[in-house]
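Here is a short briefing for a reader who is new to this structure. Look over the sequence and the 3D view, then work through the points below.

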Amino acid sequence: MSVALRSTLAVLGFAPALVAAQMPAAGPLKHEAKPTSAAISAQDLMTRLYVFADDSMQGRATATPGHDKGVEYIAAELRKLGLKPMGDNGTYFQTVPLVRRAMDPASTMTVDGQVLAFGTDFLYQAINGGPTKFDNAAVVWGGQLGDTTNILADVSGRFVLLRPSLGAMNQRALMAQLGRYTGAAGIGIVLPFPAIPPAQARAAQVPRVTLPGAPMMPGLPGGIVQLTAGAAVKLLGMPLDSAKFGMAGKAVSGDIRMKDEPAPSRNVIAMLEGRDKALKGQIVSVGGHSDHVGLTPTAVDHDSLKAVNWALNRHAVENGKPAAGPVRDSIVRAVVAGLKSSGRRDSIRNGADDDGSGSMAVLEIAEAFAKAKQKPKRSMLFLWYTGEEVGLLGSRHYTDHPTVPRDSVIANLNIDMLGRGRTDDIKGGGDAYLQLVGSRRLSTQLGDLVEAVNGRRKAKLTFDYTLDADGHPENIYCRSDHYNWARYGIPVTFFTTGLHGDYHQSTDEPQYIDYPHFASVTQFIADVMGELANAKDKPVVDKPKPDPNGTCRQ
Ligand SMILES: [Zn+2]
């Protein structure tokens, strides 16, 4: 280690060899399942999560045998509890007709009699549901993507050609920008390379699990064409440098096709009927997502990755922003240098917290109410969605094709990542930490009810509403399954103990979950469920309802 590096680390407060010693003690790697009881307990949650996030579930990627095994476990538990199946044909399962979609490499575009080839002249991002077809569409130069000072007046039926935005744009920001081109026949963005790198052409053909026929933004093409500068010049009929905003180019035709293979996957749904004749037709729903992100392409040393993730996350918590560049590199090198590893290679992203924790919390809540002496007045619906990680597809399908009358659902509670939130996981974290999102976005009364339930607790939780702020860049309100209920005007609350250094990594394992904290927040959500199910009145919706097919804005 160089002297400069040593001093950097001293500033960062790291004693590299001691990183492992500073990390909170992990739980056991394996845990023997014990019979569960009616009470929501750390022990039950531990039993359940060690099963559900076991290596044998292979990271539960949507439409894989590992995920199937996970949902079979949930259904078997529901059967034991005697809850009412609310899926297809009297089962607990609702099949979601997902497909594994890949580009058809034979897709072409034609301009001035010249054929442009996929992978050589252009690529395609099917970000809005899939294929795109345009026939002799007039090309128009739209300038720079994201430039809000120049706006094309009329793009209907035209092919809008754009330079890429100056800054990086995530998918959400991109979609928001593209909304300005509603009605366009096609949208093209000029790539910064003279020739498409082969690796990028191959990557563009990797199949993705998706739900056909569900454009995120109706009125926009199924995706974006990405053209080499050379191909863009052909479309425009002049060098890019001489193009002026709004200038017309040539006429272009294209038939961009997809190849779909069926990849069905299953939501799990169960009901506990309410005891009150007048109120049992009203339903309180709670859900989490059963899928995760599967395997990594290569196995890495688990303990090294864990220590690095922990150290980087602690740096981010302490500094309010992630380490970058040389600082990040120095942390990584120092931590790895100071480690004695057990030599355990790991490629399974177990998804213990994401969202094994939410899934098992919903199961514990279902068990608590199913075994209670007195049933709630209103009915309760318990849901485990598939396909969350590939675009909230399971919850989208369920809310579009609900197995109960949609209007009978008076609220939806959503749980995603409930098992962490320690002081070293997140700023402000600790035993009482809980994040809430969206609780007042449709119903002030629902937000008040959640607060009131906490007010009655002996050990009160500390609510963090940071991510619920209007226009927050993380846009969490639009990014989890509750939004698919909210878009139909059903009030929601999203509960989470927040992101952490093991998010979407092979270090998101049951051994790192904080079970007492997990049990405490699960009990709290069950109390909110009980309150909603037994209250005299349902929460009043006093905010405007969104367009179910519109774009979500936080
Ligand atoms: Zn999640």
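Two strands pair if DSSP finds at least two bridges between them. Helices (H or I, at least four residues) and strands (E, at least two) are DSSP runs, numbered from the N terminus. This is a predicted model, in which local features need pLDDT of at least 70, side-chain atom pairs count only at pLDDT 80 or more, and totals for chains, interfaces and linings use all residues. Residues are numbered from 1 along each chain as its sequence is written.

**The sheet**

- Eight strands form an open sheet with mixed pairing, in the order S5-S4-S12-S7-S8-S9-S11-S6.
- Its edge strands are S5 (114-117) and S6 (122-125), and each pairs on one side only.
- Neighbouring strands of this sheet are turned by 30° against each other on average, direction ignored. Axes here are lines fitted to C-alpha atoms, for helices over the stretch in contact, and angles run from 0 to 180 degrees between N-to-C directions.
- Strands of a sheet pair through backbone hydrogen bonds, either parallel or antiparallel.

**Strand pairs**

- S7 (residues 132-144) and S12 (residues 248-256) are antiparallel, with six bridges. Ala138 sits opposite Ala251 in S12.
- S7 also pairs with S8 (residues 159-163), in the parallel sense, over four bridges. Here Val140 has Val160 in S8 as its bridge partner.
- S8 and S9 run parallel and are joined by four bridges. Leu162 stands opposite Ile189 in S9.
- S9 and S11 (residues 224-227) run parallel too, joined by three bridges. Val190 is the bridge partner of Leu227 in S11.

**Strand S9**

- How many of the five residues of S9 are buried? Five of the five are, so S9 (residues 186-190) is largely enclosed by the rest of the structure.
- A residue is buried if 20 or more other C-beta atoms lie within 10 Å of its own, exposed if 12 or fewer, and partly exposed in between, with C-beta atoms placed from the backbone.
- In a regular strand the side chains alternate between the two faces of the sheet.
- Both faces of S9 are covered. Gly186, Gly188 and Val190 are buried on one side, Ile187 and Ile189 on the other.

**Arg158**

- Arg158 lies in the loop between S7 and S8.
- Arg158 counts as buried because it has 24 C-beta neighbours inside 10 Å.
- Arg158 and Ala137 are 21 residues apart along the chain, yet their C-alpha atoms are separated by 5.1 Å.
- Leaving aside neighbours within four places in sequence, Arg158 is in contact (C-beta atoms, placed from the backbone, within 7 Å) with Ala137, Ala138, Val140, Ala184 and Ala185.

**Helices H10 and H14**

- H10 (residues 352-371) and H14 (residues 515-534) pack at an angle of about 55°, with their axes 10 Å apart.
- That makes H10 oblique to H14. Angles under 35 degrees count as roughly parallel, over 145 as roughly antiparallel, 65 to 115 as roughly perpendicular and the rest as oblique.
- Ser357, Ala361, Glu364, Ile365 and Ala368 in H10 meet Phe518, Thr522, Ile525, Ala526 and Met529 in H14.

Definitions and conventions:
Contact = placed C-beta atoms within 7 Å.
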